[in-house]
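Here are a few exercises to work through with the model open beside you. Try each task before you read its solution.

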Amino acid sequence: MEGETVIRVGREILFQAFNWESHNLNWWRHLEDLVEYLAEVGFTSLWLPPSSSSLAPQGYLPKDFYRLDSAYGTENELRSLIQVINSKGLRAMADIVINHRVANKQGAGGHYNRYDGSSMPWDETAITADSGGHGNPSTGDVFGGVPNIDHTQEFVRQDIKKWLQWLLQDVGYSDLRFDYAKGYKADFVKEYIMAAGPCFCVGEYWDTCSYVEDGRQLDYNQDSHRQRIVDWIDGTGGLSAAFDFTTKAVLQEALKRGELWRLRDQQGRPPGVVGMWPSRAVTFLENHDTGSTQAHWPFPPEHVVKGYVYILTHPGLPMVFYDHFYEWGDVVRDAICTFVCLCLNR
């Protein structure tokens, strides 16, 4: 599998090519103008926002997976963008939102849990019993307010595999990012990767860190936190990387407080997932949830350049956020470019 080679080499530098407000522009056309420069800088994969039709414009409440006309642009514009990405030697990463799906029809119990007339016309058995369906209980955390997909159903998995194969073989994506990976067992991710054959995958296993002083301060020891992420990676058979939320937590705490001793664990290793399984750890400072206009867990802005110096000079697979690169000015962008070059040549 090509993806096994890519992930074992561990020379990826990812770029998140959107923020929470990107749907307000014709985003696919906007990105097409940026691709050549991003390739010149040295990025290897561009993470695109969810491209299926969605109830919310950001794409994270999908309806019809095969319908690619979205708030970001038309299907033809998306296909054109991906062709340009591929022609410049980059890869396009699809944001895969398969934990939940917005239904279009009411079914049993008066819940919206049917998908009549869609490209995947599922009934109530495709939805977990704990989110308004007639399927089995969820194999992970329940995402509230939306029907959660029951991945234990064979027909559901077969439909998802066919869709992923279509995204890669027909639409032109190469990589996959699994949204809300806590919502279903990693075994299913492994099955989907093996069936679709992407070049590279990363999962969003966003877990809660350990805190002390009644939750006011990050605990020095985050071994249990990163171990849960490593366990998820292991559950995928090592076929997927994961976002290193542990490193984000420790790094921003260390820089904000001037407590650089936090950047070594008790064994002298980096304290995040990168200290345990660097070839599967996607390090990052910010994304569309933690930063942007949502700002759920923002990295201290005065330390952003230092943060990039850290993740671009340490083991792991670093990711650069769109806002930092394009909206924070020349000083930040030039610093990122300088250290991306060093990262490629280390």
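**Exercise 1. Work out whether the radius of gyration of this predicted model agrees with that of a compact globule.**

Solution. Start with the chain length, which is 346 residues. The globule rule takes 2.2 Å times the number of residues to the power 0.38, so a compact globule of this length would have a radius of gyration near 20 Å. The chain has 20 Å, which agrees. For the extents, look along the principal axes: the C-alpha trace spans about 55 × 45 × 40 Å.

**Exercise 2. Describe the chain as a whole: its secondary structure, burial, contacts, surface and charges.**

Solution. Begin with the secondary structure, which comes to eleven helices and twelve strands. Next, take burial: 59% of the 346 residues count as buried. Then turn to contacts between residues at least 6 apart in sequence; 70% of these join residues at least 24 apart. The accessible surface is about 13600 Å², and carbon and sulfur atoms account for 49% of that area. Finally, compare the charges: there are 31 positive and 45 negative ones, and their mean positions lie 3 Å apart.

**Exercise 3. Find how strand 7 pairs with strand 6, and which way its residues point.**

Solution. Locate strand 6 at residues 175–178 and strand 7 at residues 200–203. The two strands run parallel and are joined by four bridges. Within this pairing, Phe178 stands opposite Gly203. Now follow the side directions along strand 7: Phe200 and Val202 point one way, while Cys201 and Gly203 point the other way. All four of these residues are buried.

**Exercise 4. Decide whether Gln222 is buried or exposed, and list what it touches.**

Solution. First place Gln222 in the loop between strand 9 (217–218) and helix 7 (223–235). Its relative accessible area is 1%; buried means under 20%, so Gln222 is buried. Leaving aside residues up to four places away in sequence, Gln222 touches Cys209, Ser210, Thr246 and Val250.

**Exercise 5. Examine the backbone and exposure of Ser292 and Ala295.**

Solution. Check the phi angles: Ser292 has a positive phi of about 50 degrees without being a glycine, and Ala295, also not a glycine, has a positive phi of about 50 degrees. Ser292 has a relative accessible area of 23%, so it is partly exposed. Ala295, with 38%, is partly exposed too.

Technical notes:
Residues numbered from 1 in each chain as written. Predicted model: local features only at pLDDT ≥ 70, side-chain atom pairs only at ≥ 80, totals over all residues. Heavy atoms only, no water. Buried < 20%, exposed > 50% of the residue type's maximum accessible area, 1.4 Å probe, protein only. Contact = heavy atoms within 4.5 Å. Areas by Shrake-Rupley, 256 points an atom, 1.4 Å probe, with all protein chains shown as cover. Lys, Arg positive; Asp, Glu negative; His and termini not counted. Charge placed at Lys NZ, Arg CZ, Asp CG, Glu CD. Pairing = 2+ DSSP bridges.
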